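Please keep the sequence and the three-dimensional view at hand while reading.

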Amino acid sequence: MAIVRLAYISKSLLPGDPREREHVADILMSSRRNNEAAQVTGALLATDACFAHVLEVEQEVVEETYGRISCDPRHRDIVLLLTEPIAARQFPDWSMAYIGPSQPAEDAVARVTRTLSPTDDGEAARDLVAFISTMLEDCSSSDLPRDGGPKTG
Ligand code: FAD
């Protein structure tokens, strides 16, 4: 089955909401449940104002998955950074890894936003994927709400 990597950034509409943490927890809970069932893997990075999300999805469900996420009223101004076929998943053990706000996360999103241009061939997004991957390797598993996720190849 062909696997597609998709990455987007969006503006979060949660800042200022007194239930922000609960909303993030809700997003993670339903995402992990749905992604595990659909064999979607990936990682969500949050800053104080934005989300950056990398998904690894079977070709057949990529449109449905992205369409559903795009319609979510908890974020807006979604910019699709990348869709490309991949030979192997980069986040095979994560139905939805989560990296919360930090200065390095802010800097990573700012770098992507700065380098976005009509001629960008996905390099900015690939840098973001590499950053997320490094963050996950660097963080001890106790710092992150790690879950099993689908064991896909
Ligand atoms: P449930 O989780 O049972 O929710 C029921 C309905 O209520 C849904 O339509 C949901 O959109 C809506 N809803 C629930 N809580 C709120 C709320 N606080 N405010 C507004 N509407 C609400 N879903 C995935 O499956 N995989 C992902 O990888 C994924 N990534 C996401 C990333 C971001 C940044 C955001 C904001 C959302 C993401 N979602 C993801 C959630 C997705 O947009 C849908 O909400 C979710 O898939 C719906 O799941 P469900 O049908 O099981 O509904």
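How many residues does H4 have, and what distance does H4 reach from its first C-alpha to its last? In this predicted model, helix H4 consists of 16 residues and reaches 22 Å between those two atoms, close to the 22 Å expected at 1.5 Å a residue.

Several residues of H4 are buried, namely Ala124, Ala125, Leu128, Val129, Phe131, Ile132, Ser133, Met135 and Leu136. The cover over these buried residues includes strands S1 (3-12), S2 (41-46), S3 (50-58), S4 (75-86) and S5 (97-99), together with helix H3.

Helix H3 (residues 103-115) and helix H4 (residues 123-138) have axes that come within 9 Å and cross at roughly 170 degrees. Because angles over 145 degrees count as roughly antiparallel, H3 is roughly antiparallel to H4. On the H3 side, the contact is made by Pro104, Ala105, Ala108, Arg111, Val112 and Thr115, and on the H4 side by Ala124, Leu128 and Phe131. By residue class, this contact comprises 7 nonpolar residues, 1 polar and 1 charged.

Helix H1 (residues 20-38) may be read in a similar way. It has 19 residues and reaches 27 Å from its first C-alpha to its last, close to the 27 Å expected at 1.5 Å a residue. The buried residues of H1 are His23, Val24, Ile27, Leu28, Ser31, Arg32 and Asn35. These residues lie on the same side of H1 because they cover an arc of only 160 degrees around the axis. The face turned away from that buried side carries the exposed residues Met29, Arg33 and Ala37. Strands S2, S3 and S5 are included in what covers the buried residues of H1; S2, S3 and S5 are also among the elements that cover the buried residues of H4. Just after H1, glutamine 39 adopts a positive phi of about 55 degrees.

Terms used:
Residues numbered from 1 in each chain as written. Predicted model: local features only at pLDDT ≥ 70, side-chain atom pairs only at ≥ 80, totals over all residues. Heavy atoms only, no water. Axes fitted to C-alpha atoms, helices over the stretch in contact; angles between N-to-C directions. Helix = DSSP H or I, 4+ residues; strand = E, 2+ residues; numbered from the N terminus. Parallel < 35°, antiparallel > 145°, perpendicular 65-115°, else oblique. Contact = heavy atoms within 4.5 Å. Nonpolar A, V, L, I, M, F, W, Y, C, P; charged D, E, K, R; others polar. Expected span 1.5 Å × (residues − 1). Buried < 20%, exposed > 50% of the residue type's maximum accessible area, 1.4 Å probe, protein only. Arc of directions from axis to C-beta.
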